[in-house]
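Biologist: I would like to learn how to read the packing of helices in a model, taking one feature at a time. Could we go through an example together?

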Amino acid sequence: MRSFSLIDFVSLFTALRWTVALVVLALAFGAPLALGLALGRISRFAGLRWAMAACIQVIQSVPLLGLLFFFYFGMPMFLGIQVPAIIAVTVAYTLYTAAFLGEIWRGGLEAVKQAQWEAGACLGLSAWQQFRHIIAPQALRLSLPPTVGFLVQLIKGTSLASILGFVELARAGQVVSAATFQPLLTYALVAAIYFALCLPLTLWSRTLEARLDGSR
């Protein structure tokens with residue numbers, strides 16, 4: 001047992017790099033997949049719409065912790081494939097991000113009136129040009145606030161990666177607490193760091209929602 005020191009404080013901030021890294025990986029791989037799911041959900045082909053909807057519903061119905069367990073512990077058990085922790089975490093967070101962002105972005109795309117597509121067609125634009133120049137900018141405006149809100153949820157969700165051995169912020173707090181026997185101080189600092197990360201994003205989301213109000 002030892003007292004809480006500057007080294008412990010620094011270790012909490014050092015562990016923050018894994019929290020940020022997991023968020024970056026989830027967005028880097030999940031965002032393109034989310035766009036594909038969103039486009040599939042508004043496709044004119046019913047089979048594709050149902051398939052994309054089924055994928056989203058399956059992923060959203062499984063807790064993030066369940067996804068982490070499946071890809072790290074389940075793959076070796078059921079398929080005999082040993083998955084490194086970083087790969088398992090990346091895949092789990094990618095699917096989690098894609099499922100939720102896909103629905104957010106699908107809502108943004110469907111909120112754009114059909115007349116906008118028709119206007120683009122009247123101008124002789126191809127379907128891709130209509131999407132790129134007319135639909136996507138409006139959908140982005142509508143989807144940006146809830147996307148930022150989901151980012152806050154994703155940051156807090158990275159704490160679950162500690163079960164696979166990642167010493168991110170929450171796990172570092174557990175280690176420091178066990179070493180110093182000062183859980184109140186340690187977890188108060190962990191909570192303060194999460195708060196400092198999430199509060200600006202939350203305020204930004206509310207500002208964007210007011211500024212980019214699609215009803216105006």
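Predicted model: local features only at pLDDT ≥ 70, side-chain atom pairs only at ≥ 80, totals over all residues.

Biologist: Let us begin with the overall layout: how many helices and how many strands does the protein have?

Modeller: There are 8 helices and 0 strands, so that, read from the N terminus, the order of elements is α-α-α-α-α-α-α-α. The C-alpha trace spans about 75 × 45 × 25 Å along its principal axes.

Biologist: Which features does UniProt place on this chain?

Modeller: An unreviewed UniProt entry gives "domain: ABC transmembrane type-1" for residues 12-205, and in the model that range is 84% helix and 0% strand, with end C-alpha atoms 27 Å apart. The record also lists "transmembrane region" at residues 20-39, 51-73, 79-101, 142-164 and 184-204. Among these, residues 20-39 are 100% helix, with end C-alpha atoms 28 Å apart, and residues 184-204 are likewise 100% helix, with their end C-alpha atoms 30 Å apart.

Biologist: How should I read a pair of packed helices?

Modeller: Two packed helices are described by the angle between their axes and by the distance between those axes. For helix 1 and helix 2, the angle is about 135 degrees and the axes are 7 Å apart. The two helices are therefore oblique to each other, and helix 1 passes helix 2 in a left-handed crossing.

Biologist: Which residues of helix 1 and helix 2 meet?

Modeller: On the side of helix 1 they are Gly36, Leu37, Gly40 and Arg41, and these meet Leu48, Arg49, Met52, Ala53 and Ile56 in helix 2. Sorted by class, this contact holds 5 nonpolar, 2 polar and 2 charged residues.

Biologist: At what angle do helix 2 and helix 4 pack?

Modeller: Helix 2 (residues 46-61) and helix 4 (residues 85-111) pack at about 120 degrees, with their axes 9 Å apart. The pair is therefore oblique, and the crossing of helix 2 past helix 4 is left-handed. From helix 2, Ile56, Ile59 and Gln60 meet Leu95, Tyr96, Ala99, Phe100 and Glu103 of helix 4, and the residues of this contact divide into 6 nonpolar, 1 polar and 1 charged.

Biologist: What is the handedness of the crossing of helix 5 and helix 6, and which residues make the contact?

Modeller: The axes of helix 5 (residues 114-122) and helix 6 (residues 127-157) come within 9 Å and cross at roughly 140 degrees, which makes helix 5 oblique to helix 6. Their crossing is right-handed. Gln116, Trp117, Gly120 and Ala121 of helix 5 make the contact with Ala127, Gln130, Phe131, Ile134, Ile135 and Gln138 of helix 6, and by class these residues divide into 6 nonpolar, 4 polar and no charged.

Terms used:
Residues numbered from 1 in each chain as written. Heavy atoms only, no water. UniProt positions renumbered as here; feature names shortened; annotations may be inferred. Helix = DSSP H or I, 4+ residues; strand = E, 2+ residues; numbered from the N terminus. Axes fitted to C-alpha atoms, helices over the stretch in contact; angles between N-to-C directions. Parallel < 35°, antiparallel > 145°, perpendicular 65-115°, else oblique. Left-handed = near helix turned anticlockwise from the far one by under 90°. Contact = heavy atoms within 4.5 Å. Nonpolar A, V, L, I, M, F, W, Y, C, P; charged D, E, K, R; others polar.
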